[in-house]
Amino acid sequence: MRISRLVGRVLPLLVIAGIALPASLGHAASPRGPAKASNGTLVIQLNADPPSLDPSYSTALVDRQVLNNLCDKLFDLNARGKIVGDLVQKVTTSKNGKTYTLTLHKGIKFTDGTPLDANAVKFNLDRYRQPASLRALEVQYIQNITVTGKYTLKIALTTPFAPFLSILTDRSGMIVSPKAVQDEGETGFRNNPVCSGPYKFVDRVKADHIDLTANTHYWKKGLPKTKNLVFKIFTDANSALVNLESGELDFIIPPPTALAVLKGQKKFTVVNKSSISYFGIYLNVTAAPLNNRDLRQAIDAAVNRKGLARVVYQNTVRAAWSPFGAGVLGHDKNDIAPKPDVKKAKQLVAKSGISNPTFTLKIASGSTIAQQEAAFIQSNLKLAGITMNIQPEDFGTLLSDGGKHNFQAMDLGWSGRPDPDQNIYDFFVTGSKNNYEAYSNATVDSLLAKARKTLKSSKRRALYDQVMSILHKDVPYVFTYHGNNVFAYSSKLTGFEYVPDGIIRAYRISKK
Amino acid sequence: MTFLIRRIILTIPILLLVTIMVFSLIHLIPGDVATVVLGQEATPQAKIAMRHRLGLDQSLPVQYANWLGNVLHGNLGRSLTDETPVSAEIQQRLPVTGELALASFIVAILIAIPTGIISAVYRGRAVDYLATLFAFLGMSVPGFWLAMLMIILFALKLGWLPSSGYVAFTHDPGANLRAMVLPAVATGVRESAVLMRMMRSSLLEVLGQDYIRTARGKGLALRTVVFAHGLRNALVPVITQSGLLIAGLLGGLVITETLFSIPGFGRLIVTAIFERDFITVQGAVLVSALLVVLVNLLVDILYGVLDPRIRI
């Protein structure tokens, strides 16, 4: 048959081009597929690939989602956002607030069999203090750590530091196996992390999935609830959504815009809760025309925060006027978003003496919703006679420009931390690292320095109130809203508990 | 044979040029790599140490020379984010994308060649218009949309096929093939449109030639004339197009890979670009360029197989 000759001609093309090529270049290790979403396997979506699975070098929220299921921490947050002991059984603070004495739970082992004792904790904290560690700034006030017994240690600080225990509820409090770090090396560890947590690391295919399996010797009885935990990276929200429907995924982190689709679906449970993140606009106080305080106040008065939350974000964010989200000390009255006041804004523009004020807002490129947000604020300001141009910029460039104060206004937020200090100090104190707006106010500096040394909540609270009233007058930053944490999960899951830090404690989730 | 050797030697300056272009493009992107990779929480010392370790404090030509020197020794470097060797990452992903590209290509060919032939042979009839309509639809419909519709229909509503994921063929052949069907068909349908139009016009041209009329004149059946005399000659431009298609697929499956969560080569490159992991980007793009050059070489060789008048 003639056709067979044709097939004989075409087939080599298929075979040579399709198989021989890739095979000749890459014959080794084909990725094994991740475990499927069955009863014993919980599959959670991540919307980005975790850059580093080593708490010392972690940079992203998605890292923390994985790490919190791999590693135990010295302290943890409970559902109300309160600090509770995790590895630490008991903590005492000296009167001057400079010495913490920790007593650890006994008999805990890392998954490589080595003991988690006071020496291991000291090793970890010392490791985080190395300048190369991304935790170095968080633990910069540690002066020294003394092991006083197999399970007890003393941490001496150079100064009282109120956020200290709160910092130990996150990556700086994660305790990894010293032996694994020594065996794998500083850079090798992140590809085979060993901790003492509910799950242990199995395998990872970059940009695709991370496989974990239960730590069968876990010291907390009855945990984890599900045998295998898989994190699958889906950068496309629609794709994640259909995979939740088809059952390939059990738990997704959808963008706020997907909420309308998710609501009213009986098969899923949707969580939409205010987070401790905050968003807004840096106003460079050294760059004209925004070096004019009246103009900055005019901008602050003209922005319609509630409208922004409703129109652009469909109420998946919460209008705000401070860096303190729900549950963070200093939140309540400082955070009530003022109504937009066009009349007042116009008066302030007139008072500023600047005719036709114009400035450029830099925003991160690639996000439609960030563009919509900027356009919404642009229209708010237009009503007050202020012209705002919008300039999208690649995120890396945006950060670099921020550090160099190379902008007039910049739309950039912060993922938020449970302690108020960690949301305000580095952003408003003269010369500190995230003070992109180049703001400098001696009173604010001394109040914030005092606040981080004050251990009593009520006194600290009063200091933050004072700072906020100054910031509301000076407006180096236009606070606009707190983001929400939005999760959706299959109704087959039980045991999920929302914690304000937005971390999914997957080990508590059971699957029917 | 001399042609072959000459062709192979010619690829060297092409690849060099590609490396220079990739290297320059990456270093033209504004923003500091250390700031992006280490984030907002890094100490200034950590950033300086990273720039030093990566040689970013040296001049661009020196950086390029160092990198090229390593590449010539077979060392593509280590990823900036997780320190795994770039060559290992590429080796892991290339077979996945290779399989997907092959499967998509087979789907495209299976649709394009028969429809193209029918369309040419029955030019101007209803079946030709139908095929043309299909081709235009195929070219106009965005790939991600078609893929999403197929997921909704075949994975969600009917539940016949998985909506995402990848299982290695060696691990479970059945699961591998099931996982490949939707992505391969979604990509293949789209890619078949161009091939089909190419097949049609090429065959039409051939069928209008004198030797075809002679063949028909001496009483050969239409089927014999088309398949034995026409098709082989008409395939040359189709092969060229196929080469381009395969080359494009090897690097350009990123949307399919993202939608179906397949750990392929395209996703590796795109993720690396977003993370500013320029070592991975450089290595992956170099391999990608190498593949394109190789595919083109194979296409040239196949010309000779199909048409003995073309000597290589």
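Which residue forms a salt bridge with K362(A), and how far apart are the closest N and O atoms? The partner is E393(A), with the closest N and O atoms 3.4 Å apart. The points below place this pair among other features of the structure.

1. Basis of the note. This is a predicted model, in which local features need pLDDT of at least 70 and side-chain atom pairs count only at pLDDT 80 or more, while totals for chains, interfaces and linings use all residues. Residues are numbered from 1 along each chain as its sequence is written, chains are lettered from A and ligands numbered from 1 in the order in which they are written, and side-chain values use heavy atoms, with hydrogens and water left out.

2. A salt bridge here is a side-chain nitrogen of Lys or Arg within 4 Å of a carboxyl oxygen of Asp or Glu. Helices (H or I, at least four residues) and strands (E, at least two) are DSSP runs, numbered from the N terminus. K362(A) is buried at 9% relative accessible area, and E393(A) is buried at 11%. Buried means under 20% relative accessible area, exposed over 50%, and partly exposed in between (1.4 Å probe, protein chains only).

3. Other salt bridges. Over all chains, the search finds 31 salt bridges. One of them joins R127(A) to D54(A), with the closest N and O atoms 2.5 Å apart. R127(A) lies in helix α3 (residues 118-129) of chain A and D54(A) in the loop between β1 (41-46) and α2 of chain A, so this pair ties together parts that are 73 residues apart in sequence. Both R127(A) and D54(A) are buried. R461(A) forms a salt bridge with D332(A), the closest N and O atoms being 3.6 Å apart. That pair links distant parts of the chain: R461(A) is in helix α15 of chain A and D332(A) in the loop between β14 (317-319) and α10 (342-352) of chain A, 129 residues apart. R461(A) is buried, with a relative accessible area of 19%.

4. The disulfide. The count over all chains comes to one disulfide, a disulfide being a pair of cysteine sulfur atoms within 2.5 Å. C71(A) and C195(A) form it, with their sulfur atoms 2.1 Å apart. The link is right-handed, with 50 degrees about the S-S bond. C71(A) sits in the loop between α2 (61-70) and β2 (75-77) of chain A, and C195(A) in the loop between α5 (178-184) and β8 (199-205) of chain A; the pair links distant parts of the chain, 124 residues apart. C71(A) is buried at 3% relative accessible area, and C195(A) is buried at 4%.

5. Pocket and cavities. On a 1 Å grid over the protein atoms alone, a cavity is a set of points where a 1.4 Å probe fits but cannot get out, and a pocket is an open set with protein on both sides within 12 Å along at least five of seven lines; lining residues have an atom within 4 Å of a point. The second largest pocket has a volume of about 570 Å³, a volume being the space filled by probe spheres set on grid points that are joined across faces, edges and corners. This pocket is lined by 22 residues, of which G81(A), I83(A), D419(A), S457(A) and R460(A) lie nearest its centre. The elements that give two or more residues to its lining are α4 (164-167) and α15 (457-474) of chain A. There are eight cavities of 30 Å³ or more. The second largest cavity has a volume of about 90 Å³, and its lining residues include R64(A), E138(A), R417(A) and D501(A).

6. Chain B. G116(B) is found in helix α5 (residues 86-121) of chain B and is buried, with a relative accessible area of 0%. L149(B), in helix α7 of chain B, is partly exposed at 39%.
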